[in-house]
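Hello,

Here is the structure I promised to pass on to you.

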Amino acid sequence: MITLNYKNADTAVIGKQHGLDIEKEFAKHQKKMAEIILDLNKRKDKRGQWLQWMNLGYSEETAWYVKEYASMVQGRFENILILGIGGSALGGIAMTEALLKPYWNMLSNEQRQGLPKIFFLDNIDPDTISGLLDVLDLKKTLVNVITKSGSTAETMSQFMIVKDRLERELGDSYGQNIVATTDQKTGILRQIAEQEGYKTFVVPDDVGGRFSVFSAVGLLPFALVGIDIDELLEGIKDMDLALKNTDIKENIAAQNALIHYLMDTQKNKNLSVMMPYSSRLKYISDWYVQLWAESLGKETDRKGKVVNCGPTPLKALGATDQHSQIQLYNEGPNDKVITFVRVGEFDTTLEIPKIFDYTGIGYLGGKTVNQLMNAEADSTRVALSDYNRPTITITLPRVNGYYLAQLLYMLEVQTAIAGELYNIDAFNQPGVEQAKNYTYALMGRAGYEESAQSLQDKMAAV
Ligand code: PA5
């Protein structure tokens, strides 16, 4: 199992002013934490609770359909192109970057064992969209358009561009190069898919975008590029079992949620930095940033009281950002909890050759880059604690689907528990809707005329 070490957030290491007496806090909050864990597990099967993501690890039917489809199309496509944004893309990017061989798209077909390359378009920059479409042979590309609502402007505009080109290149059979992942019944993409006869997969009810990575949203792209999705499901199930434990001393999601909550509300540390020491895990931070920000950043609590709460998530990468952000983290405001994600064993052991004997670099020769990475992570953690900065360390024995699924699922549960501690709804995102509506209004979508008028008035006033 992955592990979590919170020693460097404790008063014993970083002092009373910035640290927490963690054992005491665990004992003090045990009852409440147990209630939260039980309550989440009780509510997870009820409609409208947005907790269906807690069941995704057990969804053998989805896994079966996904694998079936992936094996059916295997060998037919050179590329997979994912269209989606936010929760419809970030999990896919994070997991494929971590689990596929590095520089996957640059490997030969043989090195990829006949599996396709994978590309994500998760933005609407005209230069990058055109650039990608210029290099992709659409005839040999399977396009997976992913949108739960079926109407997100960014995704649907990408889709319209790609569909138009596909149709011009392939004629009537173009639909065979499209697979849509969307709501089972509602939304414009669902209607289009039915009219045009696309193969479809479902974003299940009561699963929000940022909690959807283990639904068909993620599983389909993973299966298409040969990632073992059964291994992922095993990881989620084992973690889910562990996180059902109501004893906070045994439940790492509860521990980390409580530590972050107390650091924010008692110690004024409302920044949460995610810093993996592994390039393969770099995009886990982007996924986490969305999960933490959209879930916990809320104006009102459950009773409607204005609270404007939410710790701000930040991303960093070890060792790279030691040369960029650590100066600030050590000596700037002591307002952060830094989470290191460490890897026990890298897949490769890479030796640094003994080719120079200059005093300043000769010591590196004969060591491994693995040793250097670990030494840097240890040194940064200790240096931060010398400055009384709290850090948490999560360790994955190695980077594989089993441990990575554990990590992501643990962070999801941690976020849900934190939402309960803040007493907010972690599963809505009203703050995103306002700007979305303004965009619709600016782009002339029917029904948004009033927003357009109000927007124009506000724009004229500045
Ligand atoms: O987490 C969320 O709910 C959002 O980030 C959505 O995933 C994002 O806005 C995309 O929405 P949709 O899948 O409806 O296109």
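The side chain of Ser149 has an N or O atom 2.7 Å from an oxygen atom of the ligand, a polar contact in the sense of a pair of N or O atoms within 3.5 Å. For Ser88 the side-chain distance to a ligand oxygen is 2.7 Å, and for Thr152 it is 2.5 Å. On its own the ligand has 380 Å² of accessible area, and the protein covers 90% of that; such areas come from the Shrake-Rupley method with a 1.4 Å probe, and for residues only the protein chains shown count as cover. There are 14 residues around the ligand, and those that come nearest are Ser88, Thr147, Ser149, Thr152 and Gln290 (around it means having a heavy atom within 4 Å).

Before you go further, please note that this is a predicted model, where local features need pLDDT of at least 70, side-chain atom pairs count only at pLDDT 80 or more, and totals for chains, interfaces and linings use all residues. Residues are numbered from 1 along each chain as its sequence is written, and side-chain values use heavy atoms, with hydrogens and water left out.

Next, the sheet. Five strands form an open sheet with mixed pairing, in the order S1-S12-S11-S7-S10 (strands are DSSP E runs of at least two residues, helices H or I runs of at least four, numbered from the N terminus; two strands pair if DSSP finds at least two bridges between them). Its edge strands, each pairing on one side only, are S1 (3–5) and S10 (312–315). S7 (residues 271–276) pairs with S10 in the parallel sense over four bridges, and Leu271 stands opposite Thr312 in S10. Helix H15 (residues 401–422) packs on the sheet, where it touches S1, S7, S11 and S12 (contact means heavy atoms within 4.5 Å).

Helix H8 (residues 216–224) is mostly covered, with nine of its nine residues buried; buried means under 20% relative accessible area, exposed over 50%, and partly exposed in between (1.4 Å probe, protein chains only). Just after H8, Gly226 takes a positive phi of about 85 degrees.

And where does Leu442 lie? Leu442 belongs to helix H16 (residues 430–442) and counts as exposed because its relative accessibility is 53%. Neighbours within four places in sequence aside, Leu442 is in contact with Leu455 and Met459. Between Leu442 and Leu364 there are 78 residues in sequence and 58 Å in space, C-alpha to C-alpha.

Best wishes

Methods
Axes are lines fitted to C-alpha atoms, for helices over the stretch in contact, and angles run from 0 to 180 degrees between N-to-C directions. A polar contact is a pair of N or O atoms within 3.5 Å; within protein, one must be able to donate a hydrogen and the other to accept it, and residues adjacent in sequence count only if both atoms are side-chain atoms.
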